[in-house]
Amino acid sequence: MDVEVRSAVGRYDDFATVVGPRKAGVRGCWCMSYRDSRVSAEDRPAFMAGLCESDPGPGVLAYVDGEVAGWCSVAPRSTYRRLMNARTIPFVDDLDAWSAVCFVVRAGYRRRGLMHDLLAGAVEHAAAHGAPAVEGYPVDAGGERVDVISGYVGTVALFEKAGFVRAAPTTGVSGGVPRVVMRRALG
């Protein structure tokens, strides 16, 4: 399996293939929950298309044998309105760390370890754009398998394998599972 992770800049159609709704009439998140949930469902595709037009872009895409297979939203924390105003996910310090907030792997590509590739690509993307650190806010399931509802934010084990360390507790949960701030310093 040949996996490449690339910036979403200039790849809006691939982004839409991964995160867009699968059924007519279904309005998906379009990775706007953390960015700015005030953007209407109808305007979300155009908003994300705009972000895909210039650096640093909204995140990274994973390709398996040339086919788009997954997505990781990664950008400066300051660009995520929900994180800037969060009561449950604390700031570790004053650094403008980048945040990897969600992962999506298309059906047919799951259970192949693509989240590891996506997280490595997200760290590389952030480093290439001068990020001082990368954070994630995964679930702490104690090594247990988590469902898709909980797992879109990743797991502590995923982040630990990528060199992240526990930076702060949170009062946040995903799918009823507690979350923690994980951080990896860059540079």
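The charged end of Arg-6 is placed over the ring of Tyr-63, at 4.5 Å from its centre, where a charge sits over a ring if NZ of Lys or CZ of Arg is within 6 Å of the ring centre and within 35 degrees of the ring normal. The charged end of Arg-77 likewise sits over the ring of Phe-91, 3.9 Å from its centre.

The model is predicted, with local features needing pLDDT of at least 70 and side-chain atom pairs counting only at pLDDT 80 or more, while totals for chains, interfaces and linings use all residues. Residues are numbered from 1 along each chain as its sequence is written, and side-chain values use heavy atoms, with hydrogens and water left out.

Across the whole structure, six aromatic pairs are found; rings of Phe, Tyr and Trp (its six-membered ring) pair if their centres lie within 6.5 Å, and planes under 30 degrees apart count as stacked, over 60 as edge-to-face and the rest as tilted. Two of these pairs are set out below.

| Pair | Centre distance | Angle between planes | Class |
|---|---|---|---|
| Phe-15 and Trp-30 | 6.1 Å | 55 degrees | tilted |
| Phe-103 and Phe-159 | 6.2 Å | 75 degrees | edge-to-face |

Because Phe-103 belongs to strand β4 and Phe-159 to helix α7 (residues 156–161), their pair ties together parts that are 56 residues apart in sequence; helices (H or I, at least four residues) and strands (E, at least two) are DSSP runs, numbered from the N terminus. Phe-103 and Phe-159 are both buried, meaning under 20% relative accessible area with a 1.4 Å probe and protein chains only.

Strand β7 pairs antiparallel with β5 (residues 133–136) through four bridges, two strands being paired if DSSP finds at least two bridges between them, and Gly-136 stands opposite Met-182 in β7. Strand β6 (residues 165–174) also pairs with β7 in the antiparallel sense, over six bridges, with Val-165 opposite Arg-183. The β6 and β7 strands form a hairpin with two residues between them, and Gly-175 in the turn has a positive phi of about 60 degrees.

Conventions. Buried < 20%, exposed > 50% of the residue type's maximum accessible area, 1.4 Å probe, protein only.
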